[in-house]
Amino acid sequence: MDFFKLLGAGAKFDKSRFKEDISVFKPSRRADQQTIDVVDIVPKELDFFGDHSRQQSKRSESAIPASQVSGSASQFIKEEDDHTPFKNNSEVATYLKNHRIKVTGSDVPHPVKSFEMLCKEHKFQPFVLRNLIKFGFKQPTPIQMQAIPIAVHRRDLIANAPTGSGKTLAFLLSILHQVHTEEKQGLRAVIVSPTRELATQIHEHLSNLTTGRKIKTWLMTKQTAAMQAQDPALRQKYDILVTTPLRLVHAIQNNEVDLSRVRNLVLDEADSLMEKGFVEQVDEILAACTSTNLQISLYSATMPASVEEMAKTIMKDPIRIIVGSKGAATETIDQNLVFVGSEEGKLVEIRNMIVQGFKPPCLIFVQSIDRAKELFHELVFDGINVDVIHSERTQTQRNRIVQKFRTGELWVLICTELMARGIDFKGVNLVINYDFPQTTQSYIHRIGRTGRAGRSGKAITYFTKQDAPYLKTIVNVMRQSGCEVPEWMLQLKNPKHNDRKILKKKPLERDAISTVPKYDQKRQKHKQQIIEQSKAKKQRVQPNGESSVKNKSKNKSHDSNVSEDSE
Ligand code: ADP
Ligand code: MG
């Protein structure tokens, strides 16, 4: 892989020499190609970060005035320097409405209007405020306004807020306050996230916030967990643990960690942690948190009703917050659907984009590891700075790629579902769904890698004839997010529940991503089949060989269930 990368980095495509070949890829907008342009301005009530200036104010013709976007912008009143407590419940209700916060549950604590109010009303330590200022956090976002007071009151919480709206800081601040006010006695808070990349990012955020304090945070790795097993005294050392489910379950089973004093359990990307593949591990983690005082918080940008139902069985009288509208994507993202005809059309479209010039950094999502590799081999020779990340790459490679993408050294990153959730690359300008996402949740999270922290971003989703039956699922999200969608798309039928379930389990079979003509592809496939059949024959002769090998390779080809990544 790195060898190709090296070749690609130095390779230049001679555009004049190959102009005839390029002409094949020149924009040839087919009559049946549809692009949907959507709102490119931030409705005031969604400008969580209070910085309209960052928007490129590139109003498309189809842009809907902010006031027409679901929820009324005209009611928004900015109370930046308002630290005064609420006088009555009706003031609270108006405040919540203006910030598009819906909150349900019994005895809901009032929101805070500013970080200062956390110190005044909830006795947060001054160091918290100092560190917030130091790292540029001036005003709480809506989820932070409401979630922090709830968590401080030690209430269970289901928090549903858009991608890039500051959920991490919401749970980190609550944990910091709790840990700081309690007696030091080993691990008291645990944050679980579905991937290592996300756990690392959360841990970095946490380390910044604890600057200058003796709060010990632990990003669990194989090595650090093993050290604890050898020296149980080390267990008293850490206050807050950030980890992935597999790693933590492994540590529990090997007696490398003691969760009996944990009073605060946060499940980030909770809906994905409640899915098959993770839910068993979450159950094991819950069983190990034996404190009767355990508080559970679930955070995600998507929270299907089924997940909420399941969550309620493990929670005590939870409070539920929804910021914005449920089932919508972040409204600062310009969402586009592009019909590409067939698989080959995708390569044509992406090469068009490269030839015409595009604004990196850009993330490209595909549905499997194999396709990620294939697309990389296609694009690496196009003279663009591209790399690929998936769970088959080593942890060192994965760390290096994430770092390079963060610093802008890498322009285009091809990825699997592994990168769909939580990862905060602030400057991503463009997300391309090269392969149509398998669920609406996947769509919302993938495109949520752009348009973060109030910035604008663009998302393009390719669809082929094969994907067309599922198109309405994305159209629904676009509609929910305040996008203008052509009438004919609105008339489309929703896919049947069962078909959606099938797609969720397994992505569509697609032709290989390749410039090799189809005829050759078929021959290659046939050749491959013969090789595999003869391999299988050989393995049948050897005892215990076959089934495990087969299953392993099958699982590995898809990253859609990222549980394998979480170790
Ligand atoms: P989410 O988990 O909701 O998808 P993150 O917690 O990753 O979003 O936050 C997205 C970005 O917003 C991060 O870069 C974070 O530093 C920034 N951010 C969070 N809270 C604030 C705030 N109150 N003011 C300014 N920026 C913030
Ligand atoms: Mg997050």
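**A sheet edge and the ligand shell**

Modeller: Happy to! Strand β4 runs parallel to β5 (residues 240-243), and three bridges join the two. This is a predicted model, in which local features need pLDDT of at least 70 and side-chain atom pairs pLDDT 80 or more, while totals for chains, interfaces and linings use all residues; side-chain values use heavy atoms, without hydrogens or water. Residues are numbered from 1 along each chain as written, with chains lettered from A and ligands numbered from 1 in written order.

Opposite Val242 of β5 stands Leu219. Strands here are DSSP E runs of at least two residues, helices H or I runs of at least four, both numbered from the N terminus; two strands pair if DSSP finds at least two bridges between them. The open sheet has eight strands in mixed pairing, ordered β1-β8-β2-β7-β6-β3-β5-β4. Its edge strands, β1 (101-104) and β4 (217-219), each pair on one side only.

Now for ligand 1: 18 residues surround it (heavy atom within 4 Å), the closest being Gln139, Gly164, Lys167, Thr168 and Asp424. Helix α7 (residues 167-181) gives the largest share of that shell, three residues. As for polar contacts (N or O atom pairs within 3.5 Å), a polar backbone atom of Gln139 is 2.7 Å from a ligand nitrogen, and a polar side-chain atom of Gln144 lies 2.9 Å from a nitrogen atom of ligand 1. A side-chain N or O atom of Lys426 is 3.5 Å from a ligand oxygen.

How values were computed
A polar contact is a pair of N or O atoms within 3.5 Å; within protein, one must be able to donate a hydrogen and the other to accept it, and residues adjacent in sequence count only if both atoms are side-chain atoms.
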